[in-house]
Amino acid sequence: MRPGSKTGRGIGLLAAVLIAFAAFPASAQTARPGGTADEWVGKLGGLEAAPDLDLAALKQQAMDRIKAKAKTDAAPLKRPLVAPDLLKLPQFSADIQFDEDAAVVRPESYRLLGRIADTLYHPSLLGYKFLIVGHTVSTGKRDYNLTLSQRRADALRDVLVTTFKVSPKRLVALGLGEEQM
């Protein structure tokens, strides 16, 4: 299936591409993704078939796992992934800075978000929708981290839409907290 085709199932993405971000407090040291816009385009493009993803089901799986924490109380890095299919998507990760315990993007992250927006405007990516997946550090309660990561993924989507004028139809936000690091 070519980009632009719909599967009729799941979230119906034209062709999903994952932009994963890990949100760390401003005091944390971060590694910014390197490379040129062409390298990023190369990482994100080329998806032949629209993936069969159901965002509501992924969110529910993450919440169910938190509720059944007696079975999954292992350290975050030792837990099985809640959505292993996400790893099959073309992707890159970016460390976006947020105000501590909030969904406010720090000013120092706007240059990186501008580079991401420029990449999304590349002609070869205009037929794609993008999945923004948010993560949080594993301190605090897991259910709170899940909610915070969704708020931050939504905030990142909002910045890309309002500040950098990326079409809201091309962006989908998903917060997975510490459930898929």
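**Close-up 1. Aspartate 101 in the predicted model.** Aspartate 101 is partly exposed, since its relative accessible area is 48% and the partly exposed class lies between the limits of under 20% for buried and over 50% for exposed. The model shown in this and the other views is predicted. Aspartate 101 belongs to the loop that lies between β2 and α3. Its phi is near 60°, a positive value in a residue other than glycine.

**Close-up 2. Lysine 165 in the loop between α4 and β4.** The phi angle of lysine 165 is near 60°, which is positive although the residue is not glycine. With a relative accessible area of 58%, lysine 165 is exposed, because exposed residues are those over 50%.

**Close-up 3. The largest nonpolar core, with 25 residues.** The members that touch the most other members are Ile96, Leu113, Ile116, Leu120, Phe130, Leu160 and Leu171. At least two residues of this core come from each of α1 (37-44), β2 (91-98), α3 (110-120), β3 (129-136) and α4 (142-162). Another core, of 13 residues, lies apart from it; Ile66, Leu86, Leu131 and Leu146 are among its members. In soluble globular proteins, nonpolar side chains tend to be buried together.

**Close-up 4. Strand β3 and its pairing with β4.** Seven of the eight residues of β3 are buried, so the strand is mostly covered. β3 pairs with β4 (residues 171-175) in the parallel sense, over five bridges. Within this pair, isoleucine 132 stands opposite alanine 173 of β4. From β3 the chain crosses through α4 to β4, and this β-α-β crossover is right-handed.

**Close-up 5. Packing of helices α2 and α4.** Two packed helices are described by the angle between their axes and the distance between the axes. For α2 (residues 55-67) and α4, the angle is about 160° and the axes are 9 Å apart. α2 is therefore roughly antiparallel to α4, as angles over 145 degrees count as roughly antiparallel. The crossing in which α2 passes α4 is right-handed.

**Close-up 6. Threonine 147 in helix α4.** Threonine 147 has a relative accessibility of 43% and therefore counts as partly exposed. Glycine 175 is 28 residues away from threonine 147 along the chain, and the C-alpha atoms of the two are separated by 7.2 Å.

Technical notes. Residues are numbered from 1 along each chain as its sequence is written. This is a predicted model: local features need pLDDT of at least 70, side-chain atom pairs count only at pLDDT 80 or more; totals for chains, interfaces and linings use all residues. Side-chain values use heavy atoms; hydrogens and water are left out. A nonpolar core is a set of buried Ala, Val, Leu, Ile, Met, Phe, Trp, Tyr and Cys residues joined through side-chain atoms within 4.5 Å. Buried means under 20% relative accessible area, exposed over 50%, partly exposed in between (1.4 Å probe, protein chains only). Helices (H or I, at least four residues) and strands (E, at least two) are DSSP runs, numbered from the N terminus. Two strands pair if DSSP finds at least two bridges between them. A crossover is right-handed if, with the strands pointing away from the viewer, the path from the first strand over the helix to the second runs clockwise. Axes are lines fitted to C-alpha atoms, for helices over the stretch in contact, and angles run from 0 to 180 degrees between N-to-C directions. Angles under 35 degrees count as roughly parallel, over 145 as roughly antiparallel, 65 to 115 as roughly perpendicular and the rest as oblique. A crossing is left-handed if the near helix is turned anticlockwise from the far one by less than a right angle, and right-handed if clockwise.
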